[in-house]
Amino acid sequence: LESYALNGVQMLIAIPFGIGAFLMGGLYAPTVVTGIHHMYNVIEAGMLSAGGVNTWMPIASAANVAQGAAALAFGLKTKNAKLKELALPASLSAFLGITEPAIFGVNLRFMKPFIAGCIGGACGAMVSSILHVGATAYGITGLFGFLITTQSAFGYLLTIVVAAVIAFAVTWFLKIDESL
């Protein structure tokens, strides 16, 4: 089963023009919501053992950073002091690879930032696929991901910048009802 899952994910993210990575980058955050994102460690380990390159990690990083950027935009935009106090630190943790505070504390609660994060994650993941960004280990995402993407650091930088800018911009320009 593990081999089938590994082969399936690799086939999906190998779809030309970054289309498969785009889909997985957009769907990554919903897997965090359900808790099944931990299965990706097996996929990453399989990729590393099969070819020495983990192409899943940049996709996950794009999704994580995008959720952080969406929470940051929300936090900077809101006038509510309590929401600001929640959103700003949550965005920092997402930039460092821990998205649950941003997703559950802010983005999913108001839904539009969550969707904006998914859009940004999809776009960043597409960039990572087109640029063939890969990691040499697993377990680290977000800004610390530079430690394991040294052979494709510029591509990794573009991946997270695209993910963050798009998620931030989409969130910034959406009208979000804060009465929830």
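1. Buried means under 20% relative accessible area, exposed over 50%, and partly exposed in between, with a 1.4 Å probe and protein chains only. By that rule C118 is buried, at a relative accessible area of 12%, and 48% of the 180 residues of the protein chain count as buried.

2. This is a predicted model, in which local features need pLDDT of at least 70 and side-chain atom pairs count only at pLDDT 80 or more, while totals for chains, interfaces and linings use all residues. Residues are numbered from 1 along each chain as its sequence is written, and side-chain values use heavy atoms, leaving out hydrogens and water.

3. The protein chain has eight helices and zero strands. Helices (H or I, at least four residues) and strands (E, at least two) are DSSP runs, numbered from the N terminus.

4. How many disulfides does a search of the whole structure find? The search finds zero, a disulfide being a pair of cysteine sulfur atoms within 2.5 Å. The closest cysteine sulfur to that of C118 is in C123, 11 Å away, which is too far for a bond.

5. I130, L131, F154, L157, L158, V161 and V165 form a nonpolar patch on the surface, together about 600 Å² of accessible area. Helix α8 (residues 153-173) supplies the largest share, five residues, and V165 lies in this helix. Accessible areas come from the Shrake-Rupley method with a 1.4 Å probe; for residues, only the protein chains shown count as cover.

Definitions and conventions. Patch = residues over 30% accessible without salt bridge, like charges linked within 9 Å, V, L, I, M, F, W, Y side chains within 5 Å. Salt bridge = Lys/Arg side-chain N within 4 Å of Asp/Glu carboxyl O.
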